[in-house]
Amino acid sequence: MKFKPLQDRVLVRRLAQEDKTAGGIIIPDTAKEKPMEGEVVAVGPGARGDDGKLHPLDVKPGDRILFGKWSGSEVKIDGEELIIMTEDDILGVVEKG
């Protein structure tokens with residue numbers, strides 16, 4: 001895939017949601033909500049501040065993130081559904097461990 005986000009934009013792949021609850025109940029596709037967790041695929045160079053300097057983003061490709069329910073714009077690139085959002089739409093990075 002050849003796509004490079006501009007400015008403070010981030011390209012995100014949604015992570016799959018579990019088909020069962022913790023109690024073992026199977027959730028049908030029609031009742032599932034879209035997951036609000038994803039993996040960063042690509043990031044832009046950063047945003048320019050009032051001082052004219054480029055401020056790099058806090059996330060990098062491969063980071064696992066949480067984002068708001070209605071964040072970003074859904075796009076299809078090379079047949080894959082992805083989301084383009086600004087860094088402001090990201091709620092936080094999920095740490096491994």
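Student: What share of the contacts in the protein chain with a separation of 6 or more comes from residues 24 or more positions apart?

Tutor: Such residues account for 61% of those contacts. Contact here means heavy atoms within 4.5 Å. The model is predicted, so local features need pLDDT of at least 70 and side-chain atom pairs count only at pLDDT 80 or more, while totals for chains, interfaces and linings use all residues. Residues are numbered from 1 along each chain as its sequence is written, and side-chain values use heavy atoms, with hydrogens and water left out.

Student: How many helices and strands are there in the protein chain?

Tutor: Zero helices and eight strands. From the N terminus on, the order reads β-β-β-β-β-β-β-β. Helices (H or I, at least four residues) and strands (E, at least two) are DSSP runs, numbered from the N terminus.

Student: What percentage of the 97 residues is buried?

Tutor: Buried residues make up 25% of the protein chain. Buried means under 20% relative accessible area, exposed over 50%, and partly exposed in between (1.4 Å probe, protein chains only).

Student: Let's go inside. Which residues make up the largest nonpolar core?

Tutor: There are 10 residues in all: Val 10, Val 12, Val 40, Leu 57, Val 59, Ile 65, Phe 67, Ile 83, Met 85 and Ile 90. A nonpolar core is a set of buried Ala, Val, Leu, Ile, Met, Phe, Trp, Tyr and Cys residues joined through side-chain atoms within 4.5 Å. S1, S5 and S7 are the elements that give two or more residues to this core. In soluble globular proteins, nonpolar side chains tend to be buried together.

Student: What does Val 10 touch, not counting residues up to four places away in sequence?

Tutor: Among its contacts are Val 40, Leu 57, Val 59, Ile 83, Met 85 and Ile 90. The list also includes Pro 5 and Glu 87.

Student: Now the surface. Which residues form a nonpolar patch there?

Tutor: Leu 66, Leu 91 and Val 94, with about 260 Å² of accessible area together. Patches are made of residues with over 30% relative accessible area and no salt bridge: like charges are joined within 9 Å, nonpolar side chains (Val, Leu, Ile, Met, Phe, Trp, Tyr) within 5 Å.

Student: Where is Leu 91 placed?

Tutor: In strand S8, residues 90-93. Leu 91 counts as exposed because its relative accessibility is 66%.

Student: Charges next. How many salt bridges are there?

Tutor: Six. The rule is a side-chain nitrogen of Lys or Arg within 4 Å of a carboxyl oxygen of Asp or Glu.

Student: Which residue forms a salt bridge with Arg 13?

Tutor: Glu 80 does, with the closest N and O atoms 2.5 Å apart. This pair links distant parts of the chain: Glu 80 is in strand S7 (residues 80-86) and Arg 13 in strand S1 (residues 9-14), 67 residues apart. Glu 80 is partly exposed, at 26% relative accessible area. Arg 13 also counts as partly exposed, at 26%.

Student: Which residues do shared partners join into one network?

Tutor: Arg 13, Glu 39 and Glu 80, through salt bridges that share partners.

Student: And what about Arg 64, which residue does it form a salt bridge with?

Tutor: Glu 37, with the closest N and O atoms 2.4 Å apart. Arg 64 sits in strand S5 (residues 64-67) and Glu 37 in strand S2 (residues 37-43), 27 residues apart. Arg 64 is partly exposed, at 41%. Glu 37 is partly exposed too, at 23%.

Student: Different topic. Is Ser 71 buried or exposed?

Tutor: Ser 71 is buried, because its relative accessible area is 15%. Ser 71 lies in the loop between S5 and strand S6 (73-77). A polar atom of its side chain lies 3.1 Å from the backbone oxygen of Gly 68. Not counting residues up to four places away in sequence, Ser 71 touches Ile 83, Met 85 and Asp 89.

Student: Last one, backbone angles. What is phi of Asp 78 near?

Tutor: Near 55°, a positive value in a residue other than glycine. Most residues other than glycine have a negative phi. Asp 78 is in the loop between S6 and S7 and counts as exposed at 66% relative accessibility. Gln 7 has a positive phi as well, near 50°, and lies in the segment before S1.

Note on methods: Areas by Shrake-Rupley, 256 points an atom, 1.4 Å probe, with all protein chains shown as cover. Polar contact = N/O pair within 3.5 Å; in protein donor to acceptor, adjacent residues only side chain to side chain.
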